[in-house]
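This briefing is for a reader meeting the structure for the first time.

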Amino acid sequence: MRLGILGSGSGSNMQAILDGVADGSIPATIALVMTENPQGYILERARKAGIPTALIDCRGFKSKFPEEAQAETAAALKEAGVDVVCLAGFMRLVKKPLLEAFPDRILNIHPALLPAFPGLQAWRQALEAGVKETGCTVHYVDGGMDTGPVILQGKVPVLEGDTPESLHERILEAEHRIYPEAIRIVARKLAVPAPGM
Ligand code: GRF
């Protein structure tokens, strides 16, 4: 299974996936890493591992992912022979044509137990809501914001005296555990021959 990874920032989730591929615990290869952020450390992590990278041209939009950029991204991923796309700290909403190019094949990780706390800074939302437990979710992307069928969740306690930073750090550690496991689940699903084969 060939993975394409899209990320906008530090790429710590991409690193966790990369480490899993390197130690053989994730039955996949990373074919391409893409970002719209030329300063994103995710690029450095990929380059250090000798993984091809490509920049996404969002035409100057700060947060929008314009349709032509989605089409170019889909084409680059297809060109690289990608089977499954992993959004890893990717801050733009994926829609057509990417969804059409990779139906039920785009994963995302969100730092909360969806459907709770969708959107930005989910760890801060959880803290402000006073919940005693939160976590992270890997789900299929269906074009909504942090919606789509859940693949795997990891729970994380909210501790006395937690700050947004301390809670986010604990959630991030859980992310780095469940994303590789979620990819293993998807790889097993995709490896199952279609009925009657
Ligand atoms: C983090 O806030 C993480 O919780 C979320 O995306 C952001 C960046 O993660 N999933 P990464 O270090 O770029 O993977």
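An oxygen atom of the ligand is 2.9 Å from a polar backbone atom of glycine 11. The protein covers 87% of the 370 Å² of accessible area that the ligand has on its own; such areas come from the Shrake-Rupley method with a 1.4 Å probe, and for residues only the protein chains shown count as cover. This is a predicted model, in which local features need pLDDT of at least 70 and side-chain atom pairs count only at pLDDT 80 or more, while totals for chains, interfaces and linings use all residues. Residues are numbered from 1 along each chain as its sequence is written, and side-chain values use heavy atoms, with hydrogens and water left out.

**The ligand and its surroundings**

- The residues around the ligand are Ser10, Gly11, Ser12, Asn13, Gly89, Ile109, Pro111, Trp123, His168, Leu172 and Glu175; a residue is near a molecule or strand if one of its heavy atoms lies within 4 Å of it.
- A backbone N or O atom of asparagine 13 lies 2.9 Å from an oxygen atom of the ligand.
- In the side chain of glutamate 175, an N or O atom is 2.6 Å from an oxygen atom of the ligand.
- H1 and helix H6 (164-191) are the elements that give two or more residues to the shell around the ligand. Helices (H or I, at least four residues) and strands (E, at least two) are DSSP runs, numbered from the N terminus.
- With three residues, H6 gives the most to this shell.
- The largest pocket is the space taken by the ligand. On a 1 Å grid over the protein atoms alone, a pocket is an open set of points where a 1.4 Å probe fits, with protein on both sides within 12 Å along at least five of seven lines. A molecule sits in a pocket if more than half of its atoms lie within 2 Å of its grid points.

**Serine 12 and asparagine 13**

- Serine 12 is placed in helix H1, and asparagine 13 lies in helix H1 (residues 12-22).
- Serine 12 counts as buried because its relative accessible area is 16%; buried means under 20%, exposed over 50%, and partly exposed in between (1.4 Å probe, protein chains only).
- Asparagine 13 is also buried, at 6% relative accessibility.
- The side chains of serine 12 and histidine 176 are joined by a polar contact of 2.8 Å. A polar contact is a pair of N or O atoms within 3.5 Å; within protein, one must be able to donate a hydrogen and the other to accept it, and residues adjacent in sequence count only if both atoms are side-chain atoms.
- Between the side chains of asparagine 13 and glutamate 175 there is a polar contact of 2.9 Å.
- Apart from neighbours within four places in sequence, serine 12 is in contact (heavy atoms within 4.5 Å) with Arg45, Leu172 and His176.
- With neighbours within four places in sequence again left aside, the contacts of asparagine 13 are Ala88, Ile109, Leu172, Glu175, His176 and Tyr179.

**Arginine 92**

- Arginine 92 lies in the loop between strand E4 (84-87) and helix H4 (98-101).
- A relative accessible area of 10% is why arginine 92 counts as buried.
- The side chain of arginine 92 reaches the backbone oxygen of phenylalanine 61 at 3.0 Å.
- A polar atom of that arginine 92 side chain lies 2.5 Å from the backbone oxygen of lysine 64.
- Not counting residues up to four places away in sequence, arginine 92 touches Glu36, Cys58, Phe61, Lys62, Ser63, Lys64 and Phe65.
- Arginine 92 and cysteine 58 are 34 residues apart along the chain, and their C-alpha atoms are separated by 9.8 Å.

**Cis peptide bonds**

- Lysine 96 and proline 97 are joined by a cis peptide bond, with omega about -10 degrees. Proline 97 is in the loop between E4 and H4.
- From leucine 114 to proline 115 the peptide bond is cis, with omega near 10 degrees. Proline 115 lies in the loop between strand E5 (106-110) and helix H5 (122-129).

**Positive phi values**

- Aspartate 104, a residue other than glycine, has a positive phi near 55 degrees. Aspartate 104 is in the loop between H4 and E5 and is exposed, with a relative accessible area of 57%.
- Glutamine 121, also a residue other than glycine, has a positive phi near 45 degrees. Glutamine 121 is in the loop between E5 and H5 and counts as partly exposed at 37% relative accessibility.

Terms used. On a 1 Å grid over the protein atoms alone, a cavity is a set of points where a 1.4 Å probe fits but cannot get out, and a pocket is an open set with protein on both sides within 12 Å along at least five of seven lines; lining residues have an atom within 4 Å of a point.
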